[in-house]
Amino acid sequence: MAEKTRTKRHFRWTTGLIIGIALMTVMILIGLLAPLFLTEAAEKLTANASQGPSSAHWLGTDDFGRDVLARSLVATRLTLVMTAATTVISVVGGVLIGTFIWLAPAKIRNAVLRVIDAAVAYPSLIFALLIAAILGQGAWSAVLAIAIASIPAFARLTANMAASISQRNYVSTARLLGVPGPRIITRHLLPNMAEPLLVLTATVFATTLIELSSLSFIGLGVQNPEYDFGRLLNEALVNIYSQPLQAVMPSIMITIAGLSAMLIGDGLAAATDPRGGRKFGSVKAASELPASMRADREALVEVDNLTVLTPNGVPLVKGVSLSIHAGEVVGLVGESGSGKSLTAMSIAGLLPEELTVRAHSMRLGELDLLKRNDPRTLATSIGLVYQDPGTSFNPALRIGSQLTEVSRIHLKQSGKTAFNRMVKALADIRITQPELRMKQHPHELSGGMLQRAMIASTLVTDPRLIIADEPTTALDVTVQADVLRQFRTINREMGTAMLFISHDIGVVQALCDKVIVMNGGKILERLTGAQLAAGDVKHPYTKALLAATPSIAERKTELVAVRAEDFTFDEISDDAPGPVQPETERLQP
Amino acid sequence: MTSTATSAAPVLEVRDLEVTFGSGHAAAKVLKGVSATIERGKTLGIVGESGSGKSTLAKAIVGLNPVSAGSIWVNGADVSRMTSGQRRAMRREVQMIPQDPYSSLNPRRTIGQTLAEAIDPVKSNPRAHREKISYWLSTIRLDADVAERYPHEFSGGQRQRIAIARALAVGPKLIIADEITSALDLSVQAEILNLISRLRTELDLTMAFISHDLDVVHHVSDEIMVLFHGEVVEIGDVDSVYGHPKHPYTRKLIDSVPGGPGFDIGERRAAVV
C-alpha cells in the first residue's frame, strides 16, 4: 500500500510574487486597453506642440502636439508584444537546442556546446547590435536580433539542466525501454526542469525588455511612425532640457515592466525552493521529565532521557538513556530514522540548529554537554569519524593541513609539532609513507586509507570518546575489515571509549562490547556483542532484524520482512514500566 | 531474432569481453577479458569491490558502455553483428533494474504512466494497458489504484518494487539487477530479496545479480562470479565458491564479511572494570 501521508508541496505566495503579478496585470491591461481609447490623442498631430503639463495633457505634449502620457500608454502594447515575441523565440530556440543536443552523438553535442560557449562569451547586446545591423532597421528585425542573441545563453542553461537530468536513472532506463528520443525530451527532460525554466523565462523577459528598448533608443529598433518605450525615449532625448517630462513616463513604464517580470521570477524561484521558512531550536535541560534511570556516576558518558524535537515539535529521539564506561565500545544499531545518528550527534553537540535537544542530563566526564561548551574543549574531548571519507575531506587542501587542524587551532601546537605527531599517528595505524601522505591531496589516497587517516587524526588529541557514525559503510568489505581491526586495536591498546553507530548487525556484533538496538527514536534492547552474535536476543524487533539479515553462514529460505513501524513500544524505564512486554525490559549488561 | 538463436543456447554469453575508457596514454582497461554464461532460469551473482568492473560489465551488456573487444551473445545471437533494428529489439530483451530507487522513477509521471512506457515505449498510454499494469502491480503486491499516484508517495522499498515491475513488464529474457538493495534499509532489503526469490520461481527469471554485499549475493544466486580489477578471479556454483574458495582473493573477501565464519579483527580488550 502506498503511504497515506501525501507530502504535497503547496505553493508559497510571497509578497514579491503578488506585487509582481499585480504590476504585470496592470501593464497587460494598459497594453490591451490604451490603444483602443487613446490612439487618437497619442497620434493625431495638433497645434499644441511642446506644451507643459496641463489638465488636458497631464504630462504635456511633444513637438507635434501629441499627448505624452497617451503615447507612453499606447506604446505599452507594442513593447509588450515585441518583448513577449522575443522571449518566446529565444526560450523555444534555447530549449530546443539545449535538449536535443542530448539526443545527438557525443561529437556533435560537444561541437554544438563549444559554439554555444563561444556565443555566450560575447555580450548579447553587442551580438544583437551586429545582427540588427545586418537585418536592417525595424521592429521585427530588432525582435529577431535580440531573440537570436539570447538563444545561446538560454541554450547553455537548458543544456546544463538537461545534462544533470539525463544522468538520472529514469532517462537511461527509458532509453533501454526503447522510448524514442523526442519522447524522452517531452516525458522525462522537460517536465523535470519546468520550474527553473519558468524562473529563467521571467528573467529573460526583463532583460529582453531593456535590450529592445535600447535598440529602439539608438534608432535601430522601432521606426516612425510606430513607437515603443525605447523610441519614445529617443524622441524625448532631443528635448531633454526643454521637455524633461517627456522622458519620465517611458522610463517609468520600462522600470515597472522590468521590475514586475523580475519580481515574478524571484517569487517563482522562492516558491519552488523547498528550504524556505525554517525555524531554529535550542538546547535545554528537560524540566518536568522524571529521572528515568539511576545516575550512573561511574560512567564516562551519561545520557539521561534525551529528546530531540523538530521545529514543529515532532519528537525524533524519544527519551533515550545510555551510559558508556571508560574503555568500552558501545554500538548503536538501527535502521534509517531510528534516531541513532541524532542521539550520537546530540552528544557531540553537532545537531542542526533548528532541532531542539532536551535531556535530564547529558555529560562526558565532568563536561556538561547541555551547556554551550568551549569548542576547544569539545573538539579535544570527542573525536569524530564520519561515514564517507570521500566527502569529509576538502579536496583542495593537502591531507596534512586537514588532519592537523584540531591540534594547531585548539591545542595551539606549532605546525611542525602537529605535523610530526600526526606522522607518528599515521605510522601507528600502519599507513605506509606517512610523510608523503601528509603532503598529498585526498584524491591521491584510497577510501580506506582516508578513513584510517581520519581515525588517526582523532587520536592525536587524545580524546576521551570517539564517536564513529557509520565509519565503514562507504568502504569495501576487505577495507572495512581493516578499519574495524584498527578500531579494535585502538580500543585494546589505548583504552579509548567509543560510540559506534551502524546499521550493520554483523559489524556491530563483531566490534562492540555493548549493543543498543534503536527503532523509532527509542531504545528497544540492550545486549552484549556476544549475545547478539549468538542470537541470544529477546525483543521481537531485534529477532526480526536478525531474521531479515541474509548471511553467508547459512542460507535462509525466506527472510523475514520487518516493518519497523510495527514495533512501537514505549521506552522502558524503571519508574514507569508502561505497556511493555517483559522481554523488552532493560537488560543490565 | 537471428536464425542461429536456439532454445538450447544460454540466455547470455559473454566472451573475452574488454571495455576500455579513454584512448592513448590515458586509456584505462576496466574489463580485461571477462567470460561468463547464464543459462535459462539461473541467477548469476556478480561480486566485487569498488573498481572491480561489475557495474561496467552490466552497462556493457545492456549497451550503455562501448565494448572494445570480445563479444556478447544474447539467446545465441552475437550483439555486435546485429542490425540496428535487431539491436533495438534486443535491448528490450535485456532489462536493467538500477540501484537508486529515488532517481529511477520520473517524479513527474504516475506509476501507471511509468509502467505503460515499459509496455509501449512509443504511445505510453496507461488507459490502453490498464489490465497489464494492474497485473504487474499485483505481482509486486501493490494495489491497482496506485497506478494513479506519483513516485514521491512511495517509500524506497515500494519504489524499488515498482522499478522491478517496470523491468518485468517489458517481458525481458534477462534481468540485470545492479546493486538493487544497497540503498535500502535491512528490513526493506529483506522485502526486495524475498520478492526476487519469489519471482525467480514463479516467472522462471534469468538474472545477473550484481552486488558488493556477499551475504546478499549468497542469498539469491545459483552461481557466483568474483571480479577483481576487471578480471574474473573465480566463477562457479555458489556453495562451492563460498565453501571452498580456490583463489586467495575470494578467500580474503569471504573472510572479511562481518559475522562470517572466517571473520577476525583481533582480540577484545580485557573486560572493563
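Q: How far apart do the C-alpha centres of domain 1 and domain 2 of chain A lie?
A: In this predicted model, the C-alpha centres of the two domains of chain A lie 55 Å apart.

Q: And which residues belong to each domain of chain A?
A: The domain assignment gives residues 15-271 to domain 1 and residues 283-525 to domain 2.

Q: Turning to the backbone of chain A, where is there a cis peptide bond?
A: The bond between Asn224(A) and Pro225(A) is cis, with omega at about 5°. Pro225(A) sits in the loop that runs between helix H8 (194-217) and helix H9 (229-238) of chain A.

Q: What about Asn305(A), is phi positive or negative there?
A: Phi of Asn305(A) is positive, near 55°, and the residue is not a glycine. Asn305(A) belongs to strand E2 of chain A, residues 301-309.

Q: On to chain B. What is its secondary structure?
A: Chain B has nine helices and 10 strands. Its radius of gyration is 20 Å, close to the 19 Å that the globule rule gives for 273 residues, so chain B is as compact as a globular protein of that length.

Q: What does the C-alpha trace of chain B span along its principal axes?
A: The spans are about 65 × 55 × 40 Å.

Q: How much area do the two chains bury between them?
A: Chain B and chain A bury about 5900 Å², of which 53% is on carbon and sulfur atoms.

Q: Which residues of chain B lose the most area to chain A?
A: They are Ile265(B), Arg268(B) and Arg269(B), which together make up 13% of what the chain B side buries.

Q: How many salt bridges are there between the chains?
A: The count is two salt bridges. One of them joins the side chains of Arg108(B) and Glu195(A), at 3.4 Å from N to O.

Q: And how many residue pairs are in polar contact?
A: Between chain B and chain A, 24 residue pairs are in polar contact, with both residues at pLDDT 80 or more.

Terms used: Residues numbered from 1 in each chain as written. Chains lettered and ligands numbered in written order. Predicted model: local features only at pLDDT ≥ 70, side-chain atom pairs only at ≥ 80, totals over all residues. Heavy atoms only, no water. Buried area = accessible area lost by both parts, 1.4 Å probe. Salt bridge = Lys/Arg side-chain N within 4 Å of Asp/Glu carboxyl O. Polar contact = N/O pair within 3.5 Å; in protein donor to acceptor, adjacent residues only side chain to side chain. Domains from an automatic or database assignment. Helix = DSSP H or I, 4+ residues; strand = E, 2+ residues; numbered from the N terminus. Rg over C-alpha atoms; globule rule 2.2 N^0.38 Å.
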